[in-house]
Amino acid sequence: MDTPISIFWFRRDLRLDDNRGLYEALSSGHPVVPMFVFDTSILGVLPNNDHRVTFIYDTVQGLRDDLQNHYHSSIDLRYGTPLEVFKKITNDYEVAAVYTNHDYEPYAKDRDQSIKNFLDVKGIPFYTFKDQVIFEKEEVIKDDGDPYVVYTPYMKKWRQLFDREKDLYNYDIKSVGKNFYQHTRLPQLDLVDIGFERSSIPVPACDMASSLIDHYGENRDYPSLDATSHLGPYLRFGLVSIRRMMEKALASSEPTFMNELIWREFFMQILWHYPHTVDHAFREAYDAIPWINNEDQFQKWKEGRTGYPMVDAGMRQLNQTGYMHNRVRMIVASFLCKHLLIDWRWGERYFAEKLFDYDLASNVGNWQWAAGSGVDAAPYFRVFNPSTQMEKFDPDGLYVKRWVPEYFGVGYVSEMVDHKEARERAIETYKITLESYKS
DNA sequence: TTTTGAGTTGTTCGA
DNA sequence: GTCGAACAACTCAAA
């Protein structure tokens, strides 16, 4: 084809509405070919019935339908490494420019740099935009230019900047939608074509009702109420826009929900500034902790057979649904790191395998928080008591009953470790490690 | 440079 | 059952 076109490359922004990079592409003059790459370097390590892949696949199909029905266009689906795909696609089309949105993870940064280098040689501009956060990279920093590593001052500065700028512009493509490349017939890719089969685990439905946000702070800690939004997967893959979510959060006088959105950006900027925290403690000394890393115990934790009902309920919910209530995530994480003295990276990797809303920055940030090794982390001597947590946050046992019914009947396993002993062992281990590290 | 106040989400113990 | 203090010490942010 010899008509010059622009490519819009979808990544973690799988929506047509209020998608900045897409809007910029459509406003640029050339017809826009939307494209998605099923990246073999990411897919290669996943089981062939991975539930996130099914979710992404269905979402992309939804985009395809919308493009067809509303814009007489389609989406160009590709399979391979991004570099292979760009080599091919620059032969298939006369590409005038490539548009996409910023992506901040270490892999994504390298990937985009290599694509930029490739396109540079061909003289094709590569335009990228901020879209998945309100503030990125170095936009929220201290007066001396350093990044924040404590949440509260970061949040205050974030809100200060937000109050001043409050840029919740809606990148509405209605007026430029005619600039999609007009082609309704592009080859279809089925799940089997990318080496996958359909997962039986459905994505949790998303709830952003104002009533939920208004009572977020008071209800969110009770897993049986299910009073959280399940927004995670939708934000993770960009089915919803952060600007629209922030608008909703802003409409409520209850600050807790918005704080959660700010935590997301806090951890993203931490990962941006300190990429080594992906597999190293933010606080160096904590890398010296002599983890016990008992494989059998790890297995019991994964399967939800620890003998602590709150821990087991959480792990079973995770295994069966790809989701775990936030309160319970803290409990199981604390249990793994402190009670079992198993390396937080093991837990982090397991969550990565299972969570629908898995996001590298948040997952690493929160696991390091639980382990005590991260930014603004829980102090090491703070050990969650899984029984007390159940009394406080699942007083009627409704959550536990749902996932661990035998706890109220017969056949429930006994506690794999004694709480008091495990707690003392954890505090002692941390204490000795940190003391010897100093000297 | 120095100082000061503060820091997501807890638990245990003793009064 | 309820309440407040101790836990243990450090680092960060900002004045």
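A residue is near a molecule or strand if its C-beta atom, placed from the backbone, lies within 6 Å of it.

The model is predicted, so local features need pLDDT of at least 70 and side-chain atom pairs count only at pLDDT 80 or more, while totals for chains, interfaces and linings use all residues. Residues are numbered from 1 along each chain as its sequence is written, and chains are lettered from A and ligands numbered from 1 in the order in which they are written.

**View 1. The surroundings of DNA strand C.** Around DNA strand C lie Lys142, Asp143, Asp146, Tyr148, Val149, Val150, Pro153, Lys157, Pro379 and Phe381. This surface comprises six nonpolar, no polar and four charged residues. Ala, Val, Leu, Ile, Met, Phe, Trp, Tyr, Cys and Pro count as nonpolar, Asp, Glu, Lys and Arg as charged, and the others, Gly among them, as polar.

View 2. The strands follow the order 3-2-1-4-5, with parallel pairing. Strand 3 (76-80) and strand 5 (126-129) stand at the edges with a single partner strand each, so one side of each has no neighbour in the sheet. Strands are DSSP runs (E, at least two residues), numbered from the N terminus; two of them pair if DSSP finds at least two bridges between them.

**View 3. The pairing of strands 1 and 2.** Strand 1 (residues 4-10) pairs with strand 2 (residues 32-39) in the parallel sense over five bridges. Opposite Trp9 stands Met35 in strand 2.

**View 4. The extent of chain A.** Its C-alpha atoms fill a box of roughly 70 × 55 × 40 Å, taken along the principal axes.

Terms used. Helices (H or I, at least four residues) and strands (E, at least two) are DSSP runs, numbered from the N terminus.
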